[in-house]
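The sequence and the structure come first, and the description follows.

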Amino acid sequence: MSVSQHWEKEKYEKNARFVSDYGKELIEWLNPKKDEYILDLGCGDGVLTKEISKYGCKVLGLDGSQKFVEVTRKLGVDAIQGDAQNMNFENEFDAIFSNAALHWMTNPDKVLEGVAKALKKGGRFVVEMGCKGNVEKIENAMFEVARRHNFKAVKCWFFPTEKEETELLNKYGLKVKRMISFSRPTLLPTG
């Protein structure tokens with residue numbers, strides 16, 4: 001069973017702007033080069049997609065939300081609506097970038113299979129995502145409430161350990177050069 005997600009630009013800007021603010025540092029890891037073709041996987045509102053394009057590379061944003069695709073296009077960046085768990089690119093991208101999106105995709109095997117297929121030989125995959133323990137209290141509370149009320153709870157996030165993520169990446173021929181896990185408690189504007 002898949003989980004339907006709905007994103008709204010205004011609420012995202014008000015309550016989750018920290019996501020792209022934190023992601024700016026990740027662009028340094030990406031190290032975009034002029035004339036490269038880069039996919040922003042789960043581009044959201046396109047703020048980071050636009051930043052990447054400033055390096056002189058061609059960037060394509062991909063997001064599950066048509067609203068976010070439209071917002072990204074308004075920034076002057078090419079974007080398409082699609083499911084990262086069902087991509088059909090082949091040997092197209094010099095790099096794939098993803099900030100705070102992969103943990104929303106509950107079929108990581110399909111995502112990484114698509115990433116490996118979409119990258120050119122020697123391409124790079126630079127990603128930031130939540131890991132084991134992220135929003136654990138919220139997730140536990142959701143499952144407890146569902147259990148108490150006899151609802152079927154659906155897992156809507158994927159938060160792997162470093163070992164689990166490394167094994168998944170290696171399974172699809174994506175070699176880990178650098179991985180950092182760190183705690184970043186974040187106060188939300190909504191409380």
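Predicted model: local features only at pLDDT ≥ 70, side-chain atom pairs only at ≥ 80, totals over all residues.

## Helices, sheet and charged pairs

The buried residues of H3 are Phe68, Val69, Val71 and Thr72. Seen down the axis of H3, these buried residues fall within an arc of 165 degrees, so they line one face of the helix. H3, which spans residues 66-74, lies across strands E2 (58-63) and E3, and its direction makes about 170 degrees with that of E3. After H3 comes Gly76, whose phi is positive, near 90 degrees.

Five strands form an open sheet in the order E3-E2-E1-E4-E5, and their pairing is parallel. At the edges are E3 (78-81) and E5, each of which pairs on one side only. Neighbouring strands of this sheet are turned against each other by 20 degrees on average, with direction ignored.

Glu165, Leu168 and Leu169 are buried in H6. Seen down the axis of H6, its buried residues fall within an arc of 100 degrees, so they line one face of the helix. What covers these buried residues includes H4 and strand E5 (119-128), whereas on the other side of H6 Lys163 and Lys171 are exposed. Just after H6, Gly173 takes a positive phi of about 75 degrees.

Charged side chains are the next topic. In general, side chains of opposite charge can pair when their charged atoms come close. How many salt bridges does the count come to? With a side-chain nitrogen of Lys or Arg required within 4 Å of a carboxyl oxygen of Asp or Glu, the count comes to seven salt bridges.

| Salt bridge | Distance, N to O |
|---|---|
| Asp35 and Lys34 | 3.7 Å |
| Lys171 and Asp109 | 2.9 Å |
| Glu113 and Lys110 | 3.4 Å |

The salt bridge between Lys171 and Asp109 links distant parts of the chain, since Lys171 is in helix H6 (residues 162-171) and Asp109 is in helix H4 (residues 108-118), 62 residues apart. Lys171 counts as exposed because its relative accessibility is 55%, while Asp109 has a relative accessible area of 24% and is therefore partly exposed.

The pair formed by Glu113 and Lys110 has another setting. Because Glu113 and Lys110 are three residues apart in helix H4, they are separated by about one helical turn. Glu113 has a relative accessibility of 37% and counts as partly exposed, and Lys110 is also partly exposed, with a relative accessible area of 36%.

For the pair of Asp35 and Lys34, Asp35 counts as exposed at 61% relative accessibility, and Lys34 is exposed with a relative accessible area of 61%.

Is Glu36 buried or exposed? Because its relative accessible area is 12% and the limit for a buried residue is under 20%, Glu36 counts as buried. Glu36 is found in the loop between helix H1 (9-30) and strand E1 (37-41). Leaving aside residues up to four places away in sequence, Glu36 touches Asn31, Cys57, Lys58, Asp94 and Arg124. With Arg124 there is a polar contact, made between the side chain of Glu36 and that of Arg124 at 2.8 Å. The C-alpha atoms of Glu36 and Tyr55, which are 19 residues apart along the chain, are separated by 9.3 Å.

Methods:
Residues numbered from 1 in each chain as written. Heavy atoms only, no water. Helix = DSSP H or I, 4+ residues; strand = E, 2+ residues; numbered from the N terminus. Buried < 20%, exposed > 50% of the residue type's maximum accessible area, 1.4 Å probe, protein only. Contact = heavy atoms within 4.5 Å. Polar contact = N/O pair within 3.5 Å; in protein donor to acceptor, adjacent residues only side chain to side chain. Arc of directions from axis to C-beta. Pairing = 2+ DSSP bridges. Axes fitted to C-alpha atoms, helices over the stretch in contact; angles between N-to-C directions.
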